[in-house]
Amino acid sequence: MGILNFFSTPVPKLTVKLPSGSFTVDGRGRVLASTLPHSFPEPLMMEISSAVLAIFKDAKESGLPLLEIIARYGGLKIVGRELRGGAIIFLKPKGLQAYNS
Amino acid sequence: MPTRQKILLLDDEQDLLDLYRDLLLELPSRPEVHTSNSGARAIALLESEPFSMLISDLRMPKMDGLQVLAIVRRKFPQIRIVVMTAVVDEQYRSRAYAMGVDLFWEKPRTNEEMNLFRDCIESLLGRQDDGGFRGIQSKSLVDLIQLECLSHSSSVLKMTKPGESGSIWVANGEVIDAATINLVGEAAFKEILSWKNGTFEILPAEPKRVRTIFTSYQGLLLDFAQAFDEKKGNEASVQSAACDTTFLTRSPLAALSRVDGVEFVMTVPAKEDAACDSWGLENAGPLAAWTRQTQKRLRELGEKLQTGDLKQIEGLGLQRHVGIASRGDTQLCVGFRRTMTADQLHETLKNISTKWAS
């Protein structure tokens with residue numbers, strides 16, 4: 001078997017597994033509910049929610065109130081929907097990095 | 001194939017814009033209807049493509065209707081202007097008419113008023129085809145010169161259109177001189193006669209004007225008629241192509257704005273002190289700051305999550321939607337009509353972004 005391993009292409013090791021699911025946060029960014037796997041660290045959820053909430057807040061102050069923001073990355077789509085001061089945030093991975101719990 | 005007339009609707013209330021847009025789209029002449037909810041965007045639209053008619057509200061925040069009318073009348077004298085307002089005030093009406101509006105309407109409330117309004121707009125659009133000079137709509141310039149000459153008048157006929165002005169001097173029923181910005185004499189006379197519309201004034205005679213044209217007015221008009229007939233065959237296509245090129249070259253962003261559903265376009269350099277270039281926006285500063293900040297926040301988030309490059313940002317709002325794409329250190333921020341769906345917004349932003357990059 002060792003000789004087969006020698007000829008096979010090495011698969012790059014993924015450092016972050018991007019989950020699929022959603023979570024809800026209040027106006028302060030505290031997580032209220034989540035369908036994401038437990039393995040997804042809460043500080044990362046907080047990072048995402050604080051960015052989304054700040055974008056909504058700044059948009060309103062710039063005279064462009066938004067109900068939804070969609071960020072499209074190479075490997076992930078983040079959708080944030082405004083929810084009475086808080087937000088519901090959907091994570092939708094694409095391609096190899098995606099996994100479903 | 002006859003070209004469709006273009007109408008620009010200006011009102012700060014989006015619901016009314018949608019309502020009147022649908023109403024005007026059903027006119028028998030099937031005009032193209034564009035909408036704007038701010039004066040700055042309306043002027044940017046008028047600068048980027050030719051319109052036949054502007055229908056404007058009077059009371060609007062920031063730049064009000066009368067300010068817009070003053071600018072439009074000066075910069076685009078050939079456009080028919082219709083004022084449609086809920087302000088029932090005689091002072092407003094007389095000010096608007098003094099500015100040269102073609103029609104002043106109280107916003108229609110009943111079906112009958114709606115029908116009447118539609119008929120009036122259709123009739124005004126019909127008159128647009130005939131050309132003519134403001135104030136003497138049913139007369140061509142040839143008619144005007146004949147009238148002046150037959151009545152043995154002495155006067156100066158001054159014509160103005162965007163970027164051009166010209167005068168014809170008539171003394172005792174004879175055309176004695178003509179001048180435009182670049183031409184004088186008979187060449188200027190022929191040039192002025194080829195203008196189809198604009199604003200028109202009769203000024204007092206200038207008895208000391210030196211005569212440079214010695215051909216009789218009948219001879220001049222006959223020469224012009226012959227030259228006009230020769231050109232008439234291919235005039236429409238040449239004029240249309242020239243018009244499109246002129247309007248498109250005014251602003252590189254204007255070309256992007258021609259995509260259906262686009263309300264404004266802005267390029268935002270990453271450096272905060274660098275100037276933004278915008279089209280159709282009244283106050284670009286706060287939105288430019290939001291664009292920079294949003295891009296920065298989401299890029300940093302992407303790096304932490306290791307999600308790959310940030311391709312596009314799309315925002316859906318109550319008043320309008322917005323999309324951000326980037327190329328190098330510069331962001332492109334585009335405003336879209338709120339009636340677009342999320343999928344339409346995504347695809348349109350992708351197309352605009354590709355055009356911008358190329």
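**Entry 1: the parallel sheet of chain B.** I began with the open sheet of chain B, in which 5 strands follow the order S2-S1-S3-S4-S5 with parallel pairing; strands here are DSSP runs of E of at least two residues, helices are runs of H or I of at least four, both numbered from the N terminus, and two strands pair if DSSP finds at least two bridges between them. At the edges I found strand S2 (32-36) and strand S5 (103-106) of chain B, each of which pairs on one side only. From one strand to the next the twist averages 20 degrees, where axes are lines fitted to C-alpha atoms, for helices over the stretch in contact, and angles run from 0 to 180 degrees between N-to-C directions.

I noted before going on that this is a predicted model, in which local features need pLDDT of at least 70 and side-chain atom pairs count only at pLDDT 80 or more, while totals for chains, interfaces and linings use all residues. Residues are numbered from 1 along each chain as its sequence is written, and chains are lettered from A and ligands numbered from 1 in the order in which they are written.

**Entry 2: pairings inside that sheet.** I followed the strands one by one, and S1(B) pairs with S2(B) in the parallel sense over 5 bridges, with Glu32(B) as the partner of Lys6(B) in S2(B). Strand S1 (residues 6-10) of chain B is also joined to S3(B) by 4 bridges, again running parallel, and there Ile7(B) has Met53(B) as its bridge partner. S3(B) pairs in turn with strand S4 (residues 80-85) of chain B over 4 bridges in the parallel sense, where Met53(B) stands opposite Arg80(B).

Is strand S3 (residues 53-56) of chain B covered on one face or on both? I found both faces covered, since Met53(B) and Ile55(B) on one side and Leu54(B) and Ser56(B) on the other are all buried; a residue is buried if 20 or more other C-beta atoms, placed from the backbone, lie within 10 Å of its own, exposed if 12 or fewer, and partly exposed in between. Helix H1 (residues 14-25) of chain B lies across S1 and S2 of chain B, and runs at about 170 degrees to S2(B).

**Entry 3: one residue on a helix.** I looked up Gln67(B), which lies in helix H3 (residues 65-75) of chain B. Why does Gln67(B) count as partly exposed? I put this down to its neighbours, because Gln67(B) has 13 C-beta neighbours inside 10 Å.

Entry 4: I then turned to another open sheet, in which 10 strands pair in the antiparallel sense in the order S3(A)-S2(A)-S6(A)-S5(A)-S4(A)-S13(B)-S14(B)-S15(B)-S11(B)-S12(B). Its edge strands are strand S3 (31-34) of chain A and strand S12 (277-279) of chain B. Where the chains join, S4(A) and strand S13 (residues 310-317) of chain B run antiparallel with 7 bridges between them, and Arg72(A) has Gln312(B) as its bridge partner. Helix H10 (residues 284-305) of chain B lies across strands of both chains, including S4 of chain A and S11 of chain B, and it runs at about 65 degrees to S11(B).

The contact takes 26 residues from chain A and 27 residues from chain B, contact meaning C-beta atoms, placed from the backbone, within 7 Å. On the side of chain A, the elements that give two or more residues are H2 and strand S4 (66-73).

**Entry 5: the cores.** I finished with the largest nonpolar core, of 84 residues, where Val52(A), Leu8(B), Met53(B), Leu54(B), Met266(B) and Val334(B) touch the most other members; such a core is a set of buried Ala, Val, Leu, Ile, Met, Phe, Trp, Tyr and Cys residues joined through C-beta atoms within 7 Å. Helix H2 (residues 42-61) of chain A gives the most to this core, with 7 residues. In soluble globular proteins, nonpolar side chains tend to be buried together. Not counting residues up to four places away in sequence, Leu8(B) touches several residues, among them His34(B), Leu45(B), Phe51(B) and Leu54(B).

Technical notes:
Contact = placed C-beta atoms within 7 Å.
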